Amino acid sequence: MTRPPQLRIPLQGTEARPTTVRGNPDVFYAAVAQAYAQAETVAGPVRLDYMIAGQHVRLQFAGPALVPLLTPALAHLAVPSAAAPPGLTIHLWETATTGSAAPPPAWAYTDFQQNGLIEGFETDQLSVVFELGSNALSVVGHADGHAYYWVKQAAQVPYYDQGSPLRVMLHTWLSRRGVHLVHAGAVGRPAGGVLLAGRGGSGKSNTALAMLASGLHYASDDYCLLTNTPQPTAYSLYSTGKTHAADLARLPFLRPAVSNGDRLATEKALYFLHRHFPEKLIAAFPLRALLLPRVAAQDATTYRRVTAAQGLAALAPSTVSQLPGIQAEDFRTLVALARQVPSYALSVGRDQDHLIATVTALVDALNAGSPPA
Amino acid sequence: MPNVAYRINTPKVVHETIEGEVVIINLDSGAYYSLDQAGAALWAELERGTGTADLARFVEAHYQADAGMAAAAVQALVTALAAEDLVQATGEATAQPPYSNGQRAPFVAPVLQKHTDMQDLLLLDPIHEVDETGWPSLKA
């Protein structure tokens with residue numbers, strides 16, 4: 001029997017001597033907490049509170065360096081600091097301005113996995129992820145409501161993490177509370193809306209962002225949160241959007257919102273929508289359907305009913321593959337959603353006005369209790 | 001054909017049947033699979049512990065397939081499932097009672113459909129150097 005290959009990144013030590021022995025996760029967690037405490041002593045705390053899908057989450061920074069990189073995408077969910085303790089406090093720091101570094105890895109360098117998980121460091125008490133793209137360490141302590149995020153320097157946070165910060169950490173903590181991160185766009189009205197599901201390049205982001213020019217509201221273009229009880233509900237997590245620079249020709253109203261205009265040769269255009277379209281953002285709505293967009297070589301936008309299995313196949317693979325440590329409950333939530341709401345294949349035409357009108361009419365029909373057959 | 005039983009590799013493999021289609025996820029790899037029609041029916045039988053020879057007879061009884069076609073299809077399916085680490089052989093299965101031949105549906109050889117976005121990410125595979133503290137950083 002051939003097992004699927006485990007994915008290892010070849011790490012080439014120079015003068016480094018990476019550990020070859022796997023240490024104790026609890027000892028490592030305590031050392032991370034201590035390193036943060038030292039950083040905060042040097043740089044002072046910056047506390048910002050958010051309400052994410054009904055959960056009170058605090059970001060506590062050691063100094064301000066990471067604040068302008070990791071908070072703008074969450075600004076629409078900010079709430080005044082409350083006396084009541086939050087459900088989760090995420091402690092964030094960088095070494096460059098605090099002088100405090102995370103403790104050395106407590107595992108062999110061969111334990112780094114391509115998806116960010118660390119062999120032996122995903123337990124009931126602790127989740128440790130090191131994302132090799134951004135080289136950020138994320139540690140979640142499930143027992144004490146604290147989590148830690150560390151990078152060597154703020155400048156290394158890539159633009160895509162600025163657009164969807166702390167994604168893995170929030171997924172890890174929220175999923176244990178029945179709130180699941182999904183790879184999907186979400187647009188609608190307070191009475192109800194739709195998820196836009198599909199792998200990268202399917203047209204989720206363009207379709208979601210196009211709705212900013214409609215009467216519908218915007219909850220996400222790429223990642224949002226989902227609960228199934230008492231009814232399927234989508235929650236906004238990030239007030240950002242990303243498209244290829246070439247897509248601005250179809251979405252010219254977004255030009256003033258481009259935040260990284262000097263780097264479009266190497267980055268997707270990143271929009272912080274709360275700065276430019278705050279009235280268009282929506283925190284949550286009941287879910288009425290899954291839309292599966294596909295770019296079509298036609299002018300008009302059309303849709304047709306498809307099976308629940310097709311809806312699930314559009315939603316689940318990219319969600320599962322992007323979330324290290326996915327649990328059975330995450331998958332079952334997606335299955336339940338696909339069973340609870342209808343799925344429609346959306347052929348996205350070239351005519352933006354027709355796209356907007358078609359999706360708007362579909363959402364309104366769903367909210368009126370008349371889902372098209 | 002030997003009558004080999006297989007077990008589904010729980011807990012890392014989870015599966016659900018939705019509108020007659022079986023969807024399967026390997027939680028360790030994040031890969032997502034689906035089986036429909038005869039494949040979905042065979043998965044359900046596999047889960048019950050039905051051995052491969054009996055699975056072939058199941059196909060013959062329920063689908064318009066001869067013995068050779070049925071055996072080849074079953075062997076191809078279990079080989080594909082095992083190669084993806086979704087099932088593993090557990091030994092000789094207890095023989096099932098004969099299947100009664102009722103109406104037989106047209107037979108389409110089952111195919112394990114694999115859906116994954118991970119491959120796009122895997123192709124990046126940058127080289128990382130480990131610094132003096134043991135943490136990886138991107139090679140300049």
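Modeller: A term to start with: helices (H or I, at least four residues) and strands (E, at least two) are DSSP runs, numbered from the N terminus. This is a predicted model, where local features need pLDDT of at least 70, side-chain atom pairs count only at pLDDT 80 or more, and totals for chains, interfaces and linings use all residues. Residues are numbered from 1 along each chain as its sequence is written, chains are lettered from A and ligands numbered from 1 in the order in which they are written, and side-chain values use heavy atoms, leaving out hydrogens and water.

Biologist: Where does A53(A) sit?

Modeller: In chain A, A53(A) is in the loop between β2 (45-52) and β3 (55-62). Its phi is near 50 degrees, which is positive in a non-glycine residue.

Biologist: Is A53(A) buried or exposed?

Modeller: A53(A) is buried, at 13% relative accessibility. Buried means under 20% relative accessible area, exposed over 50%, partly exposed in between (1.4 Å probe, protein chains only).

Biologist: Now chain B. What is the phi of E19(B)?

Modeller: Near 50 degrees, a positive value, and E19(B) is not a glycine. E19(B) lies in the loop between β2 and β3 (21-26) of chain B. E19(B) is exposed, with 58% relative accessible area.

Biologist: Why flag these at all?

Modeller: Because most residues other than glycine have a negative phi, and most peptide bonds are trans.

Biologist: Which residues does a cis bond join in chain A?

Modeller: T229(A) and P230(A), with omega about -5 degrees. P230(A) is in the loop between β13 (223-227) and β14 (233-236) of chain A.

Biologist: And which in chain B?

Modeller: T10(B) and P11(B) are joined by a cis peptide bond, with omega about 0 degrees. The loop between β1 (4-8) and β2 (13-18) of chain B holds P11(B).
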